[in-house]
There are 2 protein chains.
Amino acid sequence: MAKDKKLVEQITSMEEDFAQWYTDVVVKAELISYSNTRGCMILRPRGYAIWENVQKELDRRFKETGVENVYLPMLIPESLLQKEKDHVEGFAPEVAWVTHGGEEELTERMCIRPTSETLFCDHVKDVVHSYRDLPLIYNQWCSVLRWEKSTRPFLRTSEFLWQEGHTFHATAEEAEARTEQMLNVYADFCEDVLAIPLVKGKKTEKEKFAGAEATYTIEALMHDGKALQSGTSHNFGSGFAEAYGIEYTNKENKLSTVYETSWGLSTRIIGAIIMVHGDDSGLVLPPRIAPVQTMIIPIQQKKAGVLDKVFEVRDQLKGSFAVKVDDSDKSPGWKFAEQEIQGIPTRIEIGPKDIVNNQAVIVRRDTREKIVTPLDKIEETLKTVLETMQQDMYDRAKDFLEKNTHIAHDWDEFNELLNTRQGFIRAMWCGERECEEAIKEETGATTRCMPFEQKKHGDTCVHCGKLAKYEVYFGKAY
Amino acid sequence: MAKDKKLVEQITSMEEDFAQWYTDVVVKAELISYSNTRGCMILRPRGYAIWENVQKELDRRFKETGVENVYLPMLIPESLLQKEKDHVEGFAPEVAWVTHGGEEELTERMCIRPTSETLFCDHVKDVVHSYRDLPLIYNQWCSVLRWEKSTRPFLRTSEFLWQEGHTFHATAEEAEARTEQMLNVYADFCEDVLAIPLVKGKKTEKEKFAGAEATYTIEALMHDGKALQSGTSHNFGSGFAEAYGIEYTNKENKLSTVYETSWGLSTRIIGAIIMVHGDDSGLVLPPRIAPVQTMIIPIQQKKAGVLDKVFEVRDQLKGSFAVKVDDSDKSPGWKFAEQEIQGIPTRIEIGPKDIVNNQAVIVRRDTREKIVTPLDKIEETLKTVLETMQQDMYDRAKDFLEKNTHIAHDWDEFNELLNTRQGFIRAMWCGERECEEAIKEETGATTRCMPFEQKKHGDTCVHCGKLAKYEVYFGKAY
């Protein structure tokens with residue numbers, strides 16, 4: 001296959017330097033651009049279009065479960081942030097403070113929201129009076145800001161885009177059910193749309209969200225064997241509600257407290273798509289999330305009839321697929337490389353010979369397999385190719401996850417695995433924070449989650465030898 | 001018509017106190033809630049759902065003209081803001097400053113974006129190299145912040161949601177064409193979807209955007225006779241591009257400058273919907289923007305078969321309309337009042353007698369007209385009712401605009417009109433800033449725009465008597 005060497009050589013191979021490969025992909029695929037605002041990135045059209053598709057898919061799924069969208073202020077007065085002790089301790093060190101409005105110095109400084117639990121509680125206190133007002137199932141699409149010292153595109157930036165759901169319930173059971181329900185919405189979305197297989201479980205006390213009773217998480221495994229926390233759902237119990245004074249009159253006409261959840265997924269997920277599916281030629285987007293699903297590339301486009309046929313095929317496909325034509329004055333080889341870097345799932349090559357034979361060639365981005373199709377069957381062929389590719393991408397990632405998940409029965413085996421293999425290590429743990437911290441200190445591996453489906457690999461903690469309480473997924477993480 | 005007095009009495013009549021009527025509507029229709037963040041409001045589900053529909057409609061129209069969405073940082077370093085002199089003078093007094101990140105004091109303070117021209121220029125400088133990279137047709141959906149001393153929901157708040165388009169072109173002509181094109185996109189959207197008739201024209205030098213060469217505007221007339229600037233489109237020429245050093249190599253291989261536009265529409269437009277269409281019972285939403293287009297209200301819902309039929313009709317309608325059922329345990333009268341306050345364009349009443357007669361009653365929100373329809377024709381009837389209502393709402397607003405637009409031939413007539421009538425005054429103007437400022441000083445009326453379709457009402461300026469240059473729409477404005 002003819003290919004423009006210059007373009008492709010710009011991407012460092014994964015094998016050589018995974019971190020540099022990642023940076024090359026996000027920049028050369030034109031997903032982001034660096035900005036002059038410390039720690040913040042610019043989402044360029046190709047990057048933002050992926051986020052728009054994430055939003056569209058998630059928002060639809062949210063609304064099917066009764067979610068309503070709202071918008072709350074981006075600034076939090078300091079006194080409001082401070083009402084919940086654990087929460088302020090968790091976030092105060094990493095917020096940006098506004099101290100002046102115009103020429104005037106503020107009497108009370110305000111921070112840019114790092115997350116909006118405090119604002120939601122303060123608002124809900126005003127709108128919940130009776131049991132008839134519950135539940136409230138709110139979500140907000142917005143940007144948040146956390147002052148980060150070192151940043152990487154999508155994975156860790158000071159400002160990032162996300163959605164934050166906040167729900168308020170009459171009973172603890174309902175809050176717990178909602179916490180689990182939304183984790184499952186995330187998991188289904190990641191598996192079905194992003195072709196990313198996951199480990200689902202509960203965070204340890206140490207790793208849970210500041211102020212939550214329980215945090216559930218979905219953890220994905222990147223090509224380099226590191227874990228990426230891809231979405232979290234928190235059950236707050238009634239802690240926040242009590243701190244913020246949310247009360248309502250129940251059916252028995254008594255004052256009651258409410259139970260709260262929150263759940264969030266951010267542009268970080270785009271980092272997961274890149275690191276689960278990308279290859280040495282660039283990005284590979286799963287068909288169901290790709291802003292462009294197929295790029296038609298004319299061959300010998302100056303020859304009479306080629307462009308006419310190409311646009312005819314484009315018009316034939318555009319009702320069912322996100323399709324574009326690259327009719328720029330560059331060479332086909334350049335266009336192939338460009339389509340590959342961008343991760344467009346398929347390209348369709350149409351040249352004079354194809355037109356004579358009434359056919360086109362569909363090329364899969366992931367396997368580079370070429371599928372010749374009669375032009376009058378191109379819609380069904382393309383549909384099948386994209387569906388097969390989506391499934392294959394999931395299967396490959398699932399296979400990778402399984403092959404890179406190991407069981408450690410004792411501390412020697414744990415260290416051996418950590419030093420010679422990559423990926424998750426499943427092991428038994430005593431449940432004590434000191435032990436968890438010691439493991440991190442000694443190895444750099446953290447507890448990713450206690451999986452919902454607990455398996456037993458022994459009776460004692462893999463590190464300290466005390467009685468084991470939980471099976472845990474350990475891993476090095478982004 | 002039975003109606004729950006308590007609910008309806010909460011809304012002050014327009015006649016009595018228009019400002020209080022407005023506040024009552026936005027609060028009682030549950031569009032917003034006040035927040036404890038100075039100058040910021042909370043968009044509740046019913047308010048945010050209107051904004052979501054505005055976004056959906058505009059975003060589709062933008063993309064049809066080749067717009068690509070991006071996302072740039074919310075913070076602007078002070079040195080970056082200061083590069084364009086007029087722009088910084090216009091905005092510096094009203095921005096919020098971030099001075100601390102976490103515990104650390106910043107070496108350079110940053111402001112929360114009041115608008116993003118500076119960030120776009122700084123970014124585009126990095127991505128435009130050759131004529132092949134132009135044009136760039138970018139848009140961003142985000143929130144911005146301008147420190148306001150006095151605020152009113154939707155009309156003027158410190159933080160607000162908007163879209164800001166920023167485009168970069170090789171020629172001045174192309175930039176001018178884009179500036180006009182986007183103003184027309186706004187105007188078509190307001191007229192077709194929001195049923196708001198407009199005056200389109202150019203702002204005077206005094207009223208144009210800080211740093212622009214020309215600002216075009218759409219101006220709408222509220223029920224109280226005040227004007228509301230509802231969307232603006234700016235042609236920047238090459239001023240910003242030069243200040244920020246944006247250059248590219250043209251086809252002749254020479255370094256050239258670019259020409260820029262920007263255009264924005266914000267949540268302020270929701271204020272226009274309320275003040276153009278609302279009445280003493282609350283909000284009235286045009287069918288094409290309403291998040292719920294019809295509310296089915298069962299009569300005697302405890303009688304056997306009523307709710308079954310109601311949900312059967314709901315299922316029949318839900319493919320084509322945004323439909324909800326109010327099956328709460330409140331009285332029909334309470335539900336009617338609630339549907340009216342919320343501005344839901346129609347309600348469908350179905351009771352035991354209707355079921356016997358195989359019919360339903362559709363009630364229009366604007367005229368309260370009752371339309372009896374056979375159940376097997378309800379889809380077509382509802383479609384016609386909503387389309388007619390949309391058109392009638394536009395026609396009424398258009399009629400109001402025309403009846404409240406007057407021509408002043410001299411200064412006495414101008415004052416007479418201003419004191420005895422409400423609305424726009426069309427008059428001739430000399431084009432001089434001092435004269436414009438004197439008119440504002442003496443009367444409180446400002447130049448709203450110089451309409452694109454200029455008419456001549458005399459040879460001399462209505463105020464100073466010098467030679468007239470332009471016809472101007474004057475008005476008191478929000």
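1. Pro332(B), Lys335(B), Phe336(B), Ala337(B), Glu338(B), Gln339(B), Glu340(B), Ile341(B) and Gln342(B) are buried in H11(B). A residue is called buried if 20 or more other C-beta atoms, placed from the backbone, lie within 10 Å of its own, exposed if 12 or fewer do, and partly exposed in between. Helices (H or I, at least four residues) and strands (E, at least two) are DSSP runs numbered from the N terminus. Just after H11(B), Gly343(B) has a positive phi of about 75 degrees.

2. A word on reading the names and limits: residues are numbered from 1 along each chain as its sequence is written, while chains are lettered from A and ligands numbered from 1 in the order in which they are written. Because the model is predicted, local features need pLDDT of at least 70 and side-chain atom pairs count only at pLDDT 80 or more, whereas totals for chains, interfaces and linings use all residues.

3. Now look at where the chains meet. Here 42 residues of chain B are in contact with 42 residues of chain A; contact means that the C-beta atoms of two residues, placed from the backbone, lie within 7 Å. Several elements of chain B each supply at least two residues to this side, including helix H3 (45–64), helix H6 (117–127) and strand E8 (159–169). The largest share, 6 residues, comes from E5(B).

4. How do the E5 strands of the two chains run? Strand E5 (residues 96–101) of chain A and E5(B) are antiparallel, joined by 5 bridges. Two strands pair if DSSP finds at least two bridges between them. Val98(A) stands opposite Val98(B) in E5(B).

5. Is Leu401(A) buried or partly exposed? Leu401(A) is partly exposed because 19 other C-beta atoms lie within 10 Å. Leaving aside neighbours within four places in sequence, Leu401(A) is in contact with Pro197(A) and Leu221(A). The C-alpha atoms of Leu401(A) and Phe120(A) are separated by 37 Å.

6. Finally, confidence. pLDDT is the predictor's confidence in each residue, from 0 to 100. Chain A has a mean pLDDT of 95, with 98% of its residues at 70 or more. Please take care with residues 1–5 of chain A, where pLDDT stays under 50. The model scores ipTM 0.95 and pTM 0.96.
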